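Dear colleague,

Please find the structure below, followed by an account of what was found in it. I would be grateful if you could read the two side by side.

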Amino acid sequence: MHQPVLLNDMLACLNVSKGKIYLDATFGGGGYSQAILEQGGQVIAIDRDQDAIDRAKHLGISCFHMTFSELESIFPDTLFDGIVFDFGVSSFQIDEAERGFSFQKDGPLDMRMGKSTISAKDVVNDLKEKDLADLIFSYGDEPRSRSIAHAICTHRQQKPFTSTLQLAQVIRSVVPSKPGFDGATLTFQAIRMYVNDELREIHHGLTYAMSHLSPLGRLVCVSFHSLEDRLVKNALKASPLTLFNKKVIIPSNAEIHANPRSRSARLRCACNNLENQHIKKFEK
Ligand SMILES: C[S@@+](CC[C@H](N)C(=O)[O-])C[C@H]1O[C@@H](n2cnc3c(N)ncnc32)[C@H](O)[C@@H]1O
């Protein structure tokens, strides 16, 4: 199961109204789509993962197998009353060992959410040591990136990497796990972001969203990584949209307790200028 994160905040920010049309750009387990439908909204969804598309069938909505960067070519003229992004991976993807995202269950070293051309196995076995270190540092904020890259390159000379646990063990030999923190976490995250070209995808998704909101439409973004959140924050600031919540919304302690995967979530919302005028009038 995927437990939707910040669900009530997302609904409140999106301001779902009956009959209005919403784009759920990250269908995943369908938690957000289902909640929007329950509030009377109409949903068009997308996901780059075919397994997510298959899950959408039971909701009876149109869910398209595509990436953020394909939105402009597939829906060039559509305006939405709200667009929501819930970045990152779903629990379905992490928990299924065969997908190769997990450092807790053994599986093929893959990490592709969709149709990416490279897999984690290619990255770990083929990249030069310096490039590997740079990507672990920049996408993972991992302070031991150079030592990890060195350990990976030394190991692969004897035996190329094929499985997630094989990689996790080598990383943990450099960054030992502590209670509540697995030493492989940041490096796995970095490789996943690289394999799926996640930051470029987010940039495309935000660019699309900013020009496809109806008057009064809302854009809601849930990020899990400081790089994602910074991209969202800067893009919203530079956009014609108006920030809705000045302070970023984070999960309550109760939500983090019930769903530890929510702990790094950050929600930002913006609305288009017309709504801003409306709010200003209302405040006067
Ligand atoms: C965190 S999950 C979304 C969970 C969903 N909100 C729910 O409540 O079930 C993120 C989903 O977005 C999808 N995704 C990530 N990047 C994408 C992209 N660039 N284009 C389309 N889908 C993407 C992933 O495949 C994953 O299924």
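Which residues are linked with Asp 49 in a network of salt bridges? The network consists of Asp 49, Asp 51 and Arg 99. A salt bridge here is a side-chain nitrogen of Lys or Arg within 4 Å of a carboxyl oxygen of Asp or Glu.

Before the details, a note on conventions. This is a predicted model, in which local features need pLDDT of at least 70 and side-chain atom pairs count only at pLDDT 80 or more, whereas totals for chains, interfaces and linings use all residues. Residues are numbered from 1 along each chain as its sequence is written, and side-chain values use heavy atoms, with hydrogens and water left out.

Salt bridges

The count of salt bridges comes to 11. One of them pairs Asp 49 with Arg 99, whose closest N and O atoms are 2.9 Å apart. Asp 49 sits in the loop between β2 (42-47) and α3 (50-56), and Arg 99 in the loop between α5 (91-95) and α6 (120-126), so this pair ties together parts that are 50 residues apart in sequence. Helices (H or I, at least four residues) and strands (E, at least two) are DSSP runs, numbered from the N terminus. Both partners are buried: Asp 49 has a relative accessible area of 2%, and Arg 99 one of 13%.

Asp 110 is buried, at 18%, and Arg 112 is partly exposed, at 28%.

The ligand

There are 24 residues around the ligand, and those that come nearest are Gly 29, Asp 47, Asp 86, Gln 93 and Glu 201. A residue is near a molecule if one of its heavy atoms lies within 4 Å of it. By class, this shell holds 9 nonpolar, 10 polar and 5 charged residues. For these classes, Ala, Val, Leu, Ile, Met, Phe, Trp, Tyr, Cys and Pro count as nonpolar, Asp, Glu, Lys and Arg as charged, and the others, Gly among them, as polar.

Gln 93 places a polar side-chain atom 2.9 Å from an oxygen atom of the ligand. A side-chain N or O atom of Glu 201 lies 2.9 Å from a ligand nitrogen atom, and a polar backbone atom of Arg 48 is 3.1 Å from a nitrogen atom of the ligand. Taken alone, the ligand exposes 610 Å², of which the protein buries 98%. These areas come from the Shrake-Rupley method with a 1.4 Å probe; for residues, only the protein chains shown count as cover.

Cysteines

How many disulfides are there? The count is 0, a disulfide being a pair of cysteine sulfur atoms within 2.5 Å. For Cys 63, the nearest cysteine sulfur is that of Cys 221, 18 Å away. For Cys 269, it is that of Cys 13, 4.3 Å away. Cys 63 is buried at 15% relative accessibility, and Cys 269 is buried at 0%.

Backbone and other details

Leu 216 has a phi near 75°, lies in strand β5 (residues 213-223) and is partly exposed at 41%.

Finally, Thr 242 belongs to strand β6 (residues 242-243) and is buried at 18%. The side chain of Thr 242 makes a polar contact of 3.0 Å with that of Asn 273.

With kind regards

Methods. A polar contact is a pair of N or O atoms within 3.5 Å; within protein, one must be able to donate a hydrogen and the other to accept it, and residues adjacent in sequence count only if both atoms are side-chain atoms. Buried means under 20% relative accessible area, exposed over 50%, partly exposed in between (1.4 Å probe, protein chains only).
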